[in-house]
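Welcome, and please open your viewer. We will go from stop to stop, selecting a few residues each time and looking at what is there.

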Amino acid sequence: MSDTETRPPAADAGNGLKRNAIGTGGIAFLVISAAAPLTVMAGVAPVAIGIGGIGAPMGYVTAGAVLLVFAIAFMAMTKHVKAAGGFYTYITLALGKTVGLASAILAIVSYNCLQIGVYGLFAVQTQAMLKTLFGLDVPWPAVALGAIALVWLLGYRGIDVGAKVLGVLLVAETAILAVMGAAILARGGASGISFSSFSPDHAFTPGVLAILAICFAAFMGFESTVLYRREARNPDRSVPRATYVAVGFMSVFYAFIVWTVIQAYGDGDVVAAAGELADGMFFATINHYVGPWAETVMYVLIVTSVYASQLAFHNAINRYVYMLAKDGVLPAFLGKTHPKYQSPHRAGQVQTILAAAVISVCAILGADPYQQLLIWVNTPGIVGIVALQGLVSVAAFIYLRRNPAAVTHRLMIPLSIASAVLLFGVVALIAINIELLTFADALTNSILLLITPVVFLTGLLVARSLRKNRPHVFTRIGSFETHDS
């Protein structure tokens, strides 16, 4: 049997994910929530402004444009890949089961790095909120462990419940940012409204190039739309729509919000303000332009924003684990769904235990929840996901070349090539500018960068071992339902 041959997994009646549970809006809420718009704006955008200057908004526009090119190439395969294995399935279909399984393992590790690392941010933001509003000083491990329990609970209840909660939280966090932006513009900013951020002199500087890693990190999770194919209503339409909505919304919204904050301080003073205020910049801004009540609301909503991100990543991880279990790669019990909620609850339990174990070890070792847990743990996740996006672009190119009927526009193949080049270029930029993400020493940065290739190589070795020693499992790799070619 060839390395690219597909075989549908055995039917498992009565033990599958919930069908027709979410539509375009629900999927979009899930993936935009994973990116945590309020968190990446209030927590990270000041760093982008400090390094990229007033051209920082163009960093988000550039990242959005590259990911839109990726989405076009990615979605070109969607109607022809009747499966819900995410990157795993797409890469397997075009590049073979060995590379596909390595990609699945890398995806699970990368998403876990993103999800578990962000518990550090949740703990820090919740501590700040509780102290500011109620004068309480709660240990960060207790906050993080409490969040893990809440994430598990909603993940356990099923994707439709999670999507509804995420929808409410996402509307609230984007609304508070929109209110701030509108207030800044209504008052004319610090010294009038300027569009210098978008002029070539400021938009294409070395500083903007340096912050691309930060800007791409703000989109993490949007690509997971395809993971919800089996639970989507009319997936051939809802999955692509949700993908384009997510990319388009985030790129425009991020650029708009960062631009309005620049107006709040003026082109000449905003860089100094970003350095002085750091992660308090957005809170000070909304206090000044909207009022103290809005600052209080933002403190609360940034906590719910991080929680929404945690839940979205938790759902994505569970579906990767579920698919690998259904394919026989992971233990069969992880491929079971809840009899009532039809959620991959056992995969969720394992992910919850892993997160709790990592948080506990960090607490025992006295790790800093922001620097060591958030930044250091997140960085390999960012590198891994962008690298996988590049690999999916290569897969799209190969698939479209093999299947001319899938090419509905003459630009699809060139766009898939361009997407691969751009995304692997972004990986290189992240590696070159990694100190901007980690603020760590050279040895630590080297270790963080090596995690992605080491995990991928390990996945290749596991796949080769399965092919030799468990061929019946190897033939099932890919999580295919059907395959239209």
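How many disulfides does a search of the whole structure find? It finds zero in this model, which is a predicted one. A disulfide is a covalent bond between the sulfur atoms of two cysteines.

To see this for yourself, select C113 together with C362. C113 takes part in no disulfide: its nearest cysteine sulfur belongs to C362 and is 11 Å away. Because a disulfide needs two cysteine sulfur atoms within 2.5 Å, a gap of 11 Å rules out this pair.

Is C113 buried or exposed? Its relative accessible area is 14%, so C113 counts as buried, the cut-off being under 20%. Now select another cysteine, C215. C215 is buried as well, with a relative accessibility of 0%.

Next, move to the surface and select V61, I193, F195 and F198. These residues form a nonpolar patch there, and together they have about 350 Å² of accessible area. Zoom in on F195, one of the patch members. You will find F195 in the loop that runs between helix 7 (159-186) and helix 8 (200-203). With a relative accessible area of 56%, F195 is exposed, because the cut-off for that is over 50%.

For the last stop, select I447, which sits in helix 19 (residues 442-469). I447 has a relative accessible area of 48%, so it is partly exposed.

Conventions. Residues numbered from 1 in each chain as written. Predicted model: local features only at pLDDT ≥ 70, side-chain atom pairs only at ≥ 80, totals over all residues. Heavy atoms only, no water. Patch = residues over 30% accessible without salt bridge, like charges linked within 9 Å, V, L, I, M, F, W, Y side chains within 5 Å. Areas by Shrake-Rupley, 256 points an atom, 1.4 Å probe, with all protein chains shown as cover. Salt bridge = Lys/Arg side-chain N within 4 Å of Asp/Glu carboxyl O. Helix = DSSP H or I, 4+ residues; strand = E, 2+ residues; numbered from the N terminus. Buried < 20%, exposed > 50% of the residue type's maximum accessible area, 1.4 Å probe, protein only.
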